[in-house]
Amino acid sequence: MGWRERSTHQRMSAHEYITHSADETIALGRELAATLKGVCMVILRGDLGAGKTTLVKGIAEGLQAASQEDVTSPTFTLIHEYRGPEVNLYHVDLYRIETERELATLGLDELFAEDGSLVLLEWGEKFPRLAKERDVEIAIERWGEMERKITLDAKSSLLAKTP
Ligand code: ADP
Ligand code: MG
């Protein structure tokens, strides 16, 4: 059974979705996980409380790397790692990182270079190099208390594989 049956978030176009609850965003993340296998760097864009970390819960579950309860915000620890059978998921929060120098201390390039790694970056768009090199950008916008518009931006060959 696909996500269309399991939940009520609607597809607006090839790469825009509306969700009406955190659970729906998690369900969408689970479905997007298949698309993100083989991708190296994803920027998750959106204000505080938009739902970036919530989406990661679903992606981690879809990759069988962690259960949603185990995925928490890496606000202070900066990088969380979840190992799945096929993908090593790295969840990074750059909210508190201000300078290129601080960024360099995180060693993200090693993570990008690792075989089978998928790096999900919250606030990655703050750094032009990351914004330029990202394979996928997922933007989450608040449309109401519970509504979120989630937009996937990637090359069309990848979008063709999205649910
Ligand atoms: P961010 O990582 O973008 O700062 P979080 O995922 O930590 O945001 O928090 C999102 C908050 O919004 C959570 O408390 C979540 O329960 C709530 N929420 C309400 N509706 C939604 C929705 N449709 N999608 C995602 N989160 C939602
Ligand atoms: Mg977050």
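**Figure 1. The salt bridge between Arg30 and Glu61 in the predicted model.** Arg30 and Glu61 form a salt bridge in which the closest N and O atoms are 2.9 Å apart. Arg30 belongs to helix H2 (residues 22-36) and Glu61 to helix H3 (residues 52-62), so the pair ties together parts that are 31 residues apart in sequence. With a relative accessible area of 29%, Arg30 is partly exposed. This pair belongs to a structure in which a search of the whole finds nine salt bridges.

**Figure 2. The salt bridge between Arg45 and Glu137.** The side chains of these residues, Arg45 and Glu137, meet at 3.2 Å, N to O. Distant parts of the chain are linked here: Arg45 is in strand E3 (residues 41-45) and Glu137 is in strand E7 (residues 136-142), 92 residues apart. The two partners can also be described by their accessibility. Arg45 counts as partly exposed, at 37% relative accessibility, whereas Glu137 is buried, with a relative accessible area of 14%. The value for Glu137 falls in the buried class because that class lies under 20% relative accessible area.

**Figure 3. The salt bridge between Asp153 and Arg134.** The closest N and O atoms of Asp153 and Arg134 are 3.0 Å apart. Asp153 is in strand E8 (residues 148-154), and Arg134 is in the loop between helix H6 (128-133) and E7; the pair links distant parts of the chain, 19 residues apart. Asp153 is partly exposed, its relative accessible area being 37%.

**Figure 4. A network of salt bridges.** Glu16, Glu141 and Lys149 are the residues linked in this network.

Figure 5. Thr53 lies in helix H3 and Glu122 in strand E6 (residues 117-122), so the pair ties together parts that are 69 residues apart in sequence. Thr53 counts as buried at 16% relative accessibility, and Glu122 counts as buried at 4%.

**Figure 6. The surroundings of ligand 1.** Ligand 1 is surrounded by 16 residues, of which the closest are Thr25, Gly49, Lys52, Thr54 and Met146. By class, this shell has eight polar, four nonpolar and four charged residues. Helices H2 and H3 each supply at least two residues of the shell, and the largest share, three residues, comes from H3.

**Figure 7. Contacts with oxygen atoms of ligand 1.** A backbone N or O atom of Gly51 lies 2.9 Å from an oxygen atom of ligand 1. In the side chain of Glu122, an N or O atom is 3.3 Å from an oxygen atom of ligand 1. For Arg148, a polar side-chain atom lies 3.2 Å from an oxygen atom of ligand 1. Taken alone, ligand 1 exposes 570 Å², and the protein buries 75% of that.

**Figure 8. Positive phi values at Leu78 and Trp123.** Leu78 is a residue other than glycine with a positive phi, near 70°. Leu78 is found in the loop between H3 and strand E4 (79-83) and counts as buried at 17% relative accessibility. Trp123, also a residue other than glycine, has a positive phi near 65°. The loop between E6 and H6 holds Trp123, which counts as buried at 15% relative accessibility.

Note on methods
Residues are numbered from 1 along each chain as its sequence is written. Chains are lettered from A and ligands numbered from 1 in the order in which they are written. This is a predicted model: local features need pLDDT of at least 70, side-chain atom pairs count only at pLDDT 80 or more; totals for chains, interfaces and linings use all residues. Side-chain values use heavy atoms; hydrogens and water are left out. A salt bridge is a side-chain nitrogen of Lys or Arg within 4 Å of a carboxyl oxygen of Asp or Glu. Helices (H or I, at least four residues) and strands (E, at least two) are DSSP runs, numbered from the N terminus. Buried means under 20% relative accessible area, exposed over 50%, partly exposed in between (1.4 Å probe, protein chains only). A residue is near a molecule or strand if one of its heavy atoms lies within 4 Å of it. A polar contact is a pair of N or O atoms within 3.5 Å; within protein, one must be able to donate a hydrogen and the other to accept it, and residues adjacent in sequence count only if both atoms are side-chain atoms. Accessible areas come from the Shrake-Rupley method with a 1.4 Å probe; for residues, only the protein chains shown count as cover. Ala, Val, Leu, Ile, Met, Phe, Trp, Tyr, Cys and Pro count as nonpolar, Asp, Glu, Lys and Arg as charged, and the others, Gly among them, as polar.
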